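The overall make-up comes at the start, followed by two residues and their surroundings.

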Amino acid sequence: MPSIIHCDIAVDEDDCEKLLRIIQGNILKIADALAGDLQWYSQNAQLVPESFQIISIQPTNNNRFKMLYDFSWNLFNPCLDLNETFKRREEVLFQVTPGALVFEVIDNERPSPADEL
């Protein structure tokens, strides 16, 4: 499932520092997609939106790049005396297209009971 950051960028842009600045400035627009479905961990898991940090951006081939990033999520349950914050490191591929950065985010939504049957 692609996630898109619309921006004024040339198709042949290969400056990783420029791409990093564009993505970091717009990362909250795609944060939920980059974090995925935290329900796999717990029903009480919540994304810490301001925690996204880009570690690196590396060119792969033909206007495609790999981005390594990390983010935090919180698990709070007062009945179980839980209040923990966890950090995850992930990577995603993206492509520079006319006027946009298109991220190839893997859909990891937890299946419903109906899907399991």
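Of the 117 residues in the chain, 36% count as buried. The model shown here is predicted. Its secondary structure consists of three helices and five strands, arranged along the sequence in the pattern β-α-α-β-β-β-β-α.

**Chain as a whole**
- The accessible surface of the chain is about 7,500 Å², and carbon and sulfur atoms account for 49% of that surface.
- Among contacts between residues at least 6 apart in sequence, 58% link residues that are at least 24 apart.

**Ser3, in strand 1**
- Ser3 belongs to strand 1, which covers residues 2–6.
- The relative accessible area of Ser3 is 10%, and because buried means under 20%, Ser3 counts as buried.
- Beyond its neighbours within four places in sequence, Ser3 touches Ile30, Ala33, Leu101, Val102, Phe103 and Val105.

**Glu17, in helix 1**
- Glu17 is part of helix 1, which runs over residues 16–26.
- With a relative accessible area of 51%, Glu17 is exposed, since the cut-off for exposed is over 50%.

Key. Residues numbered from 1 in each chain as written. Predicted model: local features only at pLDDT ≥ 70, side-chain atom pairs only at ≥ 80, totals over all residues. Heavy atoms only, no water. Helix = DSSP H or I, 4+ residues; strand = E, 2+ residues; numbered from the N terminus. Buried < 20%, exposed > 50% of the residue type's maximum accessible area, 1.4 Å probe, protein only. Contact = heavy atoms within 4.5 Å. Areas by Shrake-Rupley, 256 points an atom, 1.4 Å probe, with all protein chains shown as cover.
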